[in-house]
Amino acid sequence: MSFLTRWLLSVVGTAFLIAIADGLMLEKRVKEVGGLIGGMLLLLTLLSPLLQVHMGDLELSMDQYLEEIDQKIVFYQENQNEDFALRIKEDTESYIETVAQKMGLEITTDIEIKVAENGVPTPCRVRISGPYHAGLAKQIESDLGLPPEQQEWNTKEKGGPM
C-alpha cells in the first residue's frame with residue numbers, strides 16, 4: 001500500500017470511529033467533550049505525515065545553498081564571457097575581411113582575443129593570410145587599435161596603394 005493510501009484510510013477510519021462514538025453519546029455535555037477529543041484525534045491523524053518527518057532529513061543548509069548559487073553564477077558568467085569573446089572574434093574577422101574586399105583584396109583573418117582588466121574581451125592580435133597592404137594595415141590600426149606590431153601578415157609583399 002502506498003503512503004497516500006494508508007494516510008487516507010487512517011483519516012477515513014478515524015472519522016468513521018468518531019462518527020460512531022458521537023452517535024453513541026447521549027448527554028449533551030459528554031457529546032461536547034467527545035466532539036472535542038474526536039476533533040483532536042482527527043487533527044492528529046491529518047497531521048501524522050508531518051509528525052513522522054525527521055528534521056535531520058531536511059538539511060536546510062543556507063551555506064550550501066548560497067555556495068551552489070555562487071557556483072552557478074560563476075559558471076554562467078564564464079559561458080557568457082566565452083560566447084561574448086567568440087562573437088567579438090567573429091565580428092572583427094568579418095569586418096576586416098569586408099574592408100579588404102572593398103579594397104579589392106582576398107584575405108582570411110584570425111583574431112586573437114584577450115580579456116582586458118575591465119573584463120571585456122578585446123582583439124589583441126590579428127593574423128592575416130594574404131599579401132601585405134599598407135592601406136588595410138592603417139585601417140586596422142585606426143579602426144581596431146591594432147598597431148603594425150600586432151598585425152601578422154603571411155607575406156611581406158607590397159600589394160595595392162599605400
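**Entry 1: T14**

I started with T14, which sits in helix 1 (residues 3-24). I keep in mind that this is a predicted model. Is T14 buried or exposed? T14 has a relative accessible area of 16%, and the cut-off for buried is under 20%, so T14 counts as buried. Next I looked up its partners beyond four places in sequence: T14 touches L41, L42 and T45.

**Entry 2: L51 and its patch**

Together with V33, I37, L44 and L51, L41 makes a nonpolar patch of about 470 Å². With 61% relative accessibility, L51 is exposed, because exposed starts over 50%.

**Entry 3: the chain as a whole**

I find four helices and three strands. Read from the N terminus, the order is α-α-α-β-β-α-β. Of the 162 residues, 21% are buried. I also noted an accessible surface of about 12100 Å², with 60% of that belonging to carbon and sulfur atoms. For contacts between residues at least 6 apart in sequence, I get 49% joining residues at least 24 apart.

**Entry 4: helix 3**

Helix 3 runs over 62-102, and I checked its length. How far apart are its end C-alpha atoms? They are 59 Å apart, while 41 residues at 1.5 Å each should span 60 Å, so the two values agree. After the helix comes G104, with a positive phi near 85°.

Which residues of helix 3 are buried? I list A85, I88, T92, E93, I96, V99 and A100. A reminder to myself: an α-helix has 3.6 residues a turn, so residues three or four places apart point the same way. The buried residues of helix 3 pack against strand 1 (108-115), strand 2 and helix 4.

**Entry 5: T92**

At 9% relative accessibility, T92 is buried. Leaving out residues up to four places away, T92 touches I111, P123 and L144. I also looked at T92 and V126: they are 34 residues apart along the chain, yet their C-alpha atoms are separated by 9.5 Å.

**Entry 6: the largest nonpolar core**

In soluble globular proteins, nonpolar side chains tend to be buried together. The largest nonpolar core here has 15 residues, and I96, I107, V126, I128, L136, I140 and W153 touch the most other members. Helix 3, strand 2 (121-129) and helix 4 (134-144) each give at least two residues to this core. Which element supplies the largest share? Helix 4 does, with four residues.

I followed I128 in more detail. Beyond its sequence neighbours up to four places away, I128 touches I107, T108, T109, I140, E152, W153 and N154.

**Entry 7: salt bridges**

How many salt bridges does a search of the whole structure find? I get eight, and I wrote up three of them.

D110 pairs with K89, with the closest N and O atoms 2.6 Å apart. D110 belongs to strand 1 and K89 to helix 3, so this pair ties together parts 21 residues apart in sequence. D110 is partly exposed, at 33% relative accessibility.

E112 pairs with R127, the closest N and O atoms being 2.8 Å apart. E112 is in strand 1 and R127 in strand 2, so the pair joins parts 15 residues apart in sequence. Both ends are partly exposed: E112 at 33% relative accessibility and R127 at 28%.

R125 meets E152 in a salt bridge of 3.5 Å, N to O. R125 lies in strand 2 and E152 in strand 3 (residues 151-153), so this pair ties together parts 27 residues apart in sequence. I note R125 as partly exposed, with a relative accessible area of 24%, and E152 as partly exposed too, at 35% relative accessibility.

Last, I asked which residues are linked in a network of salt bridges. The network holds K89, E93, D110, E112, R125, R127 and E152. Two of these names were already in my notes: E93 is among the buried residues of helix 3, and E152 is among the residues that I128 touches.

Methods
Residues numbered from 1 in each chain as written. Predicted model: local features only at pLDDT ≥ 70, side-chain atom pairs only at ≥ 80, totals over all residues. Heavy atoms only, no water. Buried < 20%, exposed > 50% of the residue type's maximum accessible area, 1.4 Å probe, protein only. Contact = heavy atoms within 4.5 Å. Areas by Shrake-Rupley, 256 points an atom, 1.4 Å probe, with all protein chains shown as cover. Core = buried A, V, L, I, M, F, W, Y, C linked by side-chain atoms within 4.5 Å. Patch = residues over 30% accessible without salt bridge, like charges linked within 9 Å, V, L, I, M, F, W, Y side chains within 5 Å. Salt bridge = Lys/Arg side-chain N within 4 Å of Asp/Glu carboxyl O. Expected span 1.5 Å × (residues − 1).
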